[in-house]
Amino acid sequence: MLSEFDLIKQYFRRARSSHSGHVVLGIGDDCALLAPTPGMQSAISTDLLIEGRHFFAGADARMLGHKSLAVNLSDLAAMGARPVGFTLALSLPGADPEWLEAFSSGMFALADQHDCELIGGDTTRGPLAICITVFGEIAPGHALRRDAARAGHDIWISGTLGDARLALAGYWKEIALDAESLAQAAPRMHLPTPRVELGRALAALPIAHAALDISDGLVGDLTHILDASKVGATLDIDALPPGPALAQQPLALRRRFTLAGGDDYELCFTAPASERAAVLAAAGSAGVPVTRVGTIDAQPGLRLVDAAGKAVEMDVQGWDHFSGE
């Protein structure tokens with residue numbers, strides 16, 4: 001049986017990266033030491049994933065390692081920050097070598113893509129739970145904050161929406177989803193792509209003003225921007241880009257899952273209409289498609305319209321971890 005320290009040494013301690021100039025001291029002491037870039041601000045975010053609540057019991061360990069870090073990197077992307085390092089706290093039912101090898105491999109594969117080093121953490125025995133805290137940096141005044149949307153701004157979405165929710169509906173047997181559609185949708189649920197490059201490109205000039213990542217469904221998450229900025233919005237529900245699998249489903253389901261699906265980890269951001277060409281150029285440089293889906297209004301509240309501009313009444317809400325809806 002592996003001890004706690006053997007577990008850390010075997011699966012989570014790695015050779016120091018030659019390009020990781022920000023990490024002065026990593027795993028192995030009471031604290032990690034980071035050397036901030038002079039003149040930059042730190043961006044910090046934490047996410048907790050619990051078995052049975054955020055992922056299925058028996059979930060593939062490699063994909064779980066990827067997703068555990070991806071949801072944190074997505075928060076940095078939403079602020080336009082560059083990843084620097086992260087900590088990992090693990091509660092484990094037991095020290096299963098096969099599970100640990102797969103989990104750490106999935107996590108480190110994504111970490112290496114973003115030059116983000118594991119710098120510390122903790123392990124204990126208990127129900128399976130994963131807590132990651134990620135550290136990034138951004139130039140002062142460039143962070144994409146939720147309170148920065150202004151009337152007249154365009155609302156944009158990166159990538160596509162709804163396939164993760166479609167996969168969940170298939171697993172839960174909410175709808176009759178054929179095996180091919182489930183296989184097409186499932187990677188969006190298990191292997192989300194944090195839009196770090198796009199967030200950094202939007203913040204660098206800056207082009208975008210307000211942003212967040214879509215984790216609990218577009219309606220719920222966009223409402224956070226509207227509340228923080230004290231504005232409203234008009235959203236064209238037929239402009240929302242469905243994922244490839246969801247695009248094959250009936251219109252009512254497409255609308256519901258793009259509006260309030262959750263687990264998309266795409267960016268929703270606002271930018272002045274005068275910056276449309278710059279937004280498309282930034283998205284092109286990041287290799288991420290973006291879609292203009294609405295407008296920020298001075299009048300409070302969220303109004304849903306169809307492609308013809310006709311008002312649409314839909315009872316949709318974002319995910320809430322305590323109501324389960």
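Guide: Welcome! Buried means under 20% relative accessible area, exposed over 50%, and partly exposed in between (1.4 Å probe, protein chains only). The model is predicted, so to speak with care: local features need pLDDT of at least 70, side-chain atom pairs count only at pLDDT 80 or more, and totals for chains, interfaces and linings use all residues. Residues are numbered from 1 along each chain as its sequence is written, and side-chain values use heavy atoms, with hydrogens and water left out.

Visitor: Is Leu69 buried or exposed?
Guide: Leu69 sits in helix 2, residues 61-79 (helices, H or I, have at least four residues and strands, E, at least two; both are DSSP runs numbered from the N terminus). Its relative accessibility is 0%, so Leu69 is buried.

Visitor: Leaving aside neighbours within four places in sequence, which residues is Leu69 in contact with?
Guide: Contact means heavy atoms within 4.5 Å. The C-alpha atom of Thr133, 64 residues away along the chain, lies 8.9 Å from that of Leu69. Leaving aside neighbours within four places in sequence, the contacts of Leu69 are Phe86, Met107, Leu110, Ala111 and Ile132.

Visitor: What relative accessibility does Ala148 have?
Guide: Ala148 is in the loop between strand 6 (129-138) and strand 7 (154-158). Beyond four places in sequence, Ala148 touches His153, His209, Ala210 and Ser229. Ala148 counts as buried because its relative accessibility is 17%.

Visitor: Which residues of helix 9 make the contact with helix 6?
Guide: On the helix 6 side, the contact uses Glu197, Leu198, Ala201 and Leu202. On the helix 9 side, the residues are Ala282, Ala283, Ser285 and Ala286.

Visitor: Where is Pro206?
Guide: Pro206 is joined to Leu205 by a cis peptide bond, with omega about -10°. The place of Pro206 is the loop between helix 6 and strand 8 (211-214).

Visitor: Is Asp115 buried, partly exposed or exposed?
Guide: Asp115 lies in the loop between helix 3 (97-113) and strand 5. Its phi is near 50°, a positive value in a residue other than glycine. With a relative accessible area of 43%, Asp115 is partly exposed.

Visitor: What relative accessible area does Lys173 have?
Guide: Lys173 belongs to the loop between helix 4 (163-171) and helix 5 (179-190). Its phi, near 65°, is positive in a residue other than glycine. Lys173 is exposed because its relative accessible area is 70%.

Visitor: Which element gives the most to the lining of the second largest pocket?
Guide: A pocket is an open set of points on a 1 Å grid over the protein atoms alone where a 1.4 Å probe fits, with protein on both sides within 12 Å along at least five of seven lines; lining residues have an atom within 4 Å of a point. The second largest pocket has 22 lining residues, with Ile8, Ile27, Gly120, Gly121 and Asp122 nearest its centre. Helix 1 (4-11), strand 4 (82-92) and strand 5 (117-125) each give two or more residues to this lining. The element that gives the most, with 6 residues, is strand 5.
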